[in-house]
Amino acid sequence: MSVHDELASVQRNLDDLIRSVGRLEKQLGSGGLEMRRVRSDTNHLRESVALLRETAVTAPGVPKRTDLVTISDAPYDPSLWVDTDDEGLGARDRHAP
């Protein structure tokens with residue numbers, strides 16, 4: 001099965017779960033902590049599946065590779081380091097404590 005088919009299957013099962021929780025809530029009432037927790041978990045699942053569907057649409061199976069940046073092995077220009085402090089040592093013309 002493709003990712004789209006799997007997500008559609010998950011969505012159908014989640015819709016069934018939401019309907020079942022609704023029927024159960026009518027029978028037991030919605031005031032108990034347990035029922036509120038189940039309703040909250042169901043809502044979180046719905047949000048998570050929606051995020052998965054959005055991600056599956058934008059990223060088709062293969063994660064995008066960021067462009068590589070080539071860094072030269074040539075030494076840096078010494079003028080880049082004028083008026084800089086050595087990390088942990090302070091300024092060049094002063095002594096470390």
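Student: Is glutamate 25 buried or exposed?
Tutor: Buried. Glutamate 25 has 19% relative accessibility, and the cut-off for buried is under 20%. Bear in mind that this is a predicted model.

Student: OK. What does glutamate 25 form a salt bridge with?
Tutor: Arginine 39. The closest N and O atoms of glutamate 25 and arginine 39 are 2.7 Å apart.

Student: And where do the two residues of that pair sit?
Tutor: Glutamate 25 is in helix α1, and arginine 39 is in helix α2. They are 14 residues apart, and the pair links distant parts of the chain.

Student: How many salt bridges does the structure hold?
Tutor: Two. Besides the pair of glutamate 25 and arginine 39, there is one between arginine 19 and aspartate 16.

Student: How far apart are the closest N and O atoms of arginine 19 and aspartate 16?
Tutor: 2.3 Å.

Student: Which helix do arginine 19 and aspartate 16 lie in?
Tutor: Both lie in helix α1, which covers residues 3-28.

Student: New topic. Where is threonine 42 found?
Tutor: In helix α2, residues 33-58.

Student: Why does threonine 42 count as buried?
Tutor: Its relative accessibility is 3%, so threonine 42 counts as buried. The cut-off, again, is under 20%.

Student: Which residues is threonine 42 in contact with, leaving aside neighbours within four places in sequence?
Tutor: Leu14, Ile18 and Val21.

Student: What lies 2.7 Å from a polar atom of the threonine 42 side chain?
Tutor: The backbone oxygen of valine 38.

Student: Let's zoom out. How many helices and strands are there in the protein chain?
Tutor: Two helices and zero strands.

Student: What share of the residues counts as buried?
Tutor: 13% of the 97 residues in the protein chain. Threonine 42 counts as buried, and so does glutamate 25.

Student: Last one. Among contacts between residues at least 6 apart in sequence, what share joins residues at least 24 apart?
Tutor: 50% of those contacts in the protein chain.

Methods
Residues are numbered from 1 along each chain as its sequence is written. This is a predicted model: local features need pLDDT of at least 70, side-chain atom pairs count only at pLDDT 80 or more; totals for chains, interfaces and linings use all residues. Side-chain values use heavy atoms; hydrogens and water are left out. Helices (H or I, at least four residues) and strands (E, at least two) are DSSP runs, numbered from the N terminus. Buried means under 20% relative accessible area, exposed over 50%, partly exposed in between (1.4 Å probe, protein chains only). Contact means heavy atoms within 4.5 Å. A polar contact is a pair of N or O atoms within 3.5 Å; within protein, one must be able to donate a hydrogen and the other to accept it, and residues adjacent in sequence count only if both atoms are side-chain atoms. A salt bridge is a side-chain nitrogen of Lys or Arg within 4 Å of a carboxyl oxygen of Asp or Glu.
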